[in-house]
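Here's a quick briefing to read alongside the structure. Take a look at the picture, then work through the points below.

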Amino acid sequence: MSIYVFAKWQVKEGQLNAVLELLKEVAAKSREEKGNLFYDIHQSQQDANTLLLYEGYTSEVAVEEHRNSPYFQGVVIGQIVPLLENREVVVASKIAAI
């Protein structure tokens with residue numbers, strides 16, 4: 001069963017360009033992962049400092065491999081998270097009956 005990750009990042013004032021630059025590496029490496037279906041980044045039209053990430057993975061194992069990868073730990077956790085005011089992450093699966 002495919003797993004989807006929805007993340008909402010509120011970037012600290014003045015840090016947007018740094019986060020976007022770091023996200024280039026994260027997006028490229030994420031899309032190369034065996035279990036990745038897609039990795040899309042969106043920016044709010046109401047607030048440029050609000051980024052929305054929409055990711056798809058083939059399984060829960062693929063999500064865990066993504067989160068435990070050296071680049072995720074080093075870049076996302078180590079470099080991007082300190083530049084965020086807030087970070088919300090929801091992991092979901094599709095409701096097939098609807």
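Predicted model: local features only at pLDDT ≥ 70, side-chain atom pairs only at ≥ 80, totals over all residues.

Residues are numbered from 1 along each chain as its sequence is written, and side-chain values use heavy atoms, with hydrogens and water left out.

**The strand pair**

- Strands β2 (residues 36-43) and β3 (residues 50-57) run antiparallel to each other and pair over 7 bridges.
- To get from β2 to β3, the chain goes through a hairpin of 6 residues.

**The salt bridges**

- The whole structure has 2 salt bridges (a side-chain nitrogen of Lys or Arg within 4 Å of a carboxyl oxygen of Asp or Glu).
- One links Lys24 to Glu21, with the closest N and O atoms 3.2 Å apart.
- Both Lys24 and Glu21 sit in helix α1 (residues 16-32), 3 residues apart, or about one turn of the helix.
- Glu25 and Lys29 form a salt bridge too, at 3.1 Å from N to O.
- Glu25 and Lys29 are about one helical turn apart because 4 residues separate them in helix α1.

**How open are these side chains?**

- Lys24 counts as exposed, because its relative accessibility is 54% (buried means under 20% relative accessible area, exposed over 50%, partly exposed in between, with a 1.4 Å probe and protein chains only).
- Glu21, at 49%, is partly exposed.
- Glu25 is partly exposed at 32%, and Lys29 is partly exposed at 34%.

Note on methods:
Pairing = 2+ DSSP bridges. Helix = DSSP H or I, 4+ residues; strand = E, 2+ residues; numbered from the N terminus.
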